[in-house]
Amino acid sequence: LKTVLAPKVWGAWHLHELTKDLSLDLFVLYSSAAALLGSPGQGSHVAANSFLDGLAHYRHRLGLPALSINWGPWSEVGSAATAVIHRQMRSRGVGAISPDQGKRALSQLLLTNRSPQIGVVPIQWSQFQQQGIGRDPFFANFNQTGHRAAFEKKADWQAQIKQLPQRQRIGFLTQALQTEVAKVLGLAGNQKPELTTSFFDMGMDSLMAVELKNQLDAHLGTPVAATVIFEFPTIRTLAAHLVEMVCAADPPPADGLAPDLHGEPPPANPDPPPDVSSEIEQELAALETLLERS
Ligand SMILES: NC(=O)c1ccc[n+]([C@@H]2O[C@H](COP(=O)([O-])OP(=O)(O)OC[C@H]3O[C@@H](n4cnc5c(N)ncnc54)[C@H](OP(=O)(O)O)[C@@H]3O)[C@@H](O)[C@H]2O)c1
């Protein structure tokens, strides 16, 4: 936490202290969109940038020049110019800023802006508002109609699962999960993820796991446990778990048969979840490393 906070917090504060009596034209802080939108696994980065935003507002109240820019990820240059980051951001509806666009936005802000804090983030609102923080009421005014329609369209797995005969439910969810996991992993259109290979063996990292969990929340219209991807780390075990979770709210009638079974024998039990404790430990260690690095 200290490693991440210190350069931004002390650096900006020292500049403020040392220049507050000078007649400056500009005092520009490079904050991050992470402080506006959140960033899974990067709490300390978010805190450091929120300090910059707070400092800009503080200076503004003192009548000093101040502008904190919450930049979205830049392409081609800088610390966020990696394919993995851009893929993750894209899957949340956040695009990248090209150096040309960034320079133009900066010039415009320096020339015309009077507000102490501005976010410069290319956002695909209809996609962004379908998941995670995008559903927060704070963002509701950005594209209210699109948000409602998109969310309602996404959150339909529950209804579809419940309408299906019990024997078809796991098959339906298995296919749906294959599509979502492929998107999160950034697989090519014709590539399908394996049903029994661990997500982490397929290249999923902790941030992608958070992204997948967010997608499940949106599709199911209800939050799933934060650890669900670690506890059920294959498509097959996850599908079985989610069907059980969704259908637990609708217990079968007293004769023990679900109404849609039509007298058919109950389906075979899904594969039991594997021993995942070591995978959970590994992922927790990876999360700690990420937190330390960020
Ligand atoms: N790139 C983006 O997409 C993006 C998006 C949002 C916000 N931002 C913000 O914009 C700023 C610049 O980002 P960038 O991508 O250009 O970063 P960068 O390429 O990683 O450059 C960071 C600069 O900060 C210096 N630095 C790093 N750690 C330091 C420390 N502990 N003490 C003193 N100096 C340190 C580095 O010095 P050395 O070269 O000597 O290591 C380097 O000059 C950052 O504040 C970042 O949070 C960037």
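This is a predicted model: local features need pLDDT of at least 70, side-chain atom pairs count only at pLDDT 80 or more; totals for chains, interfaces and linings use all residues.
Q: Why is helix 9 called oblique to helix 10?
A: Let's start with the angle: helix 9 (residues 166–185) and helix 10 (residues 206–220) pack at about 140 degrees, with their axes 10 Å apart. That makes helix 9 oblique to helix 10, because roughly antiparallel is kept for angles over 145 and roughly perpendicular for 65 to 115. As for the hand of the crossing, it is right-handed.

Q: Which residues of helix 9 and helix 10 meet?
A: On the helix 9 side you'll find Leu 177, Glu 180, Val 181, Val 184 and Leu 185, and they meet Met 208, Glu 211, Leu 212, Gln 215, Leu 216 and His 219 in helix 10. Sorted by class, this contact has seven nonpolar, two polar and two charged residues.

Q: What makes helix 4 roughly parallel to helix 10, rather than oblique?
A: Again, look at the angle: helix 4 and helix 10 pack at about 10 degrees, and their axes are 11 Å apart. Angles under 35 degrees count as roughly parallel, so helix 4 is roughly parallel to helix 10. Helix 4 brings Arg 87, Gln 88 and Ser 91 to the contact, while helix 10 brings Leu 207, Met 208, Glu 211 and Gln 215. By class, that's two nonpolar, three polar and two charged residues.

Q: Where is Trp 74, and which residues is Trp 74 in contact with beyond its neighbours within four places in sequence?
A: Trp 74 sits in the loop between strand 2 (67–71) and helix 4 (83–91). Its contacts beyond those neighbours are Ala 80, Ala 81, His 86, Ile 97, Pro 99, Gly 102 and Lys 103. Take His 86: 12 residues separate it from Trp 74 in sequence, and the two C-alpha atoms are 8.9 Å apart in space.

Q: Which residues come nearest to the ligand?
A: There are 13 residues around the ligand, and Pro 7, Lys 8, Ser 31, Trp 74 and Ser 79 come nearest.

How values were computed:
Residues are numbered from 1 along each chain as its sequence is written. Side-chain values use heavy atoms; hydrogens and water are left out. Axes are lines fitted to C-alpha atoms, for helices over the stretch in contact, and angles run from 0 to 180 degrees between N-to-C directions. Helices (H or I, at least four residues) and strands (E, at least two) are DSSP runs, numbered from the N terminus. A crossing is left-handed if the near helix is turned anticlockwise from the far one by less than a right angle, and right-handed if clockwise. Contact means heavy atoms within 4.5 Å. Ala, Val, Leu, Ile, Met, Phe, Trp, Tyr, Cys and Pro count as nonpolar, Asp, Glu, Lys and Arg as charged, and the others, Gly among them, as polar. A residue is near a molecule or strand if one of its heavy atoms lies within 4 Å of it.
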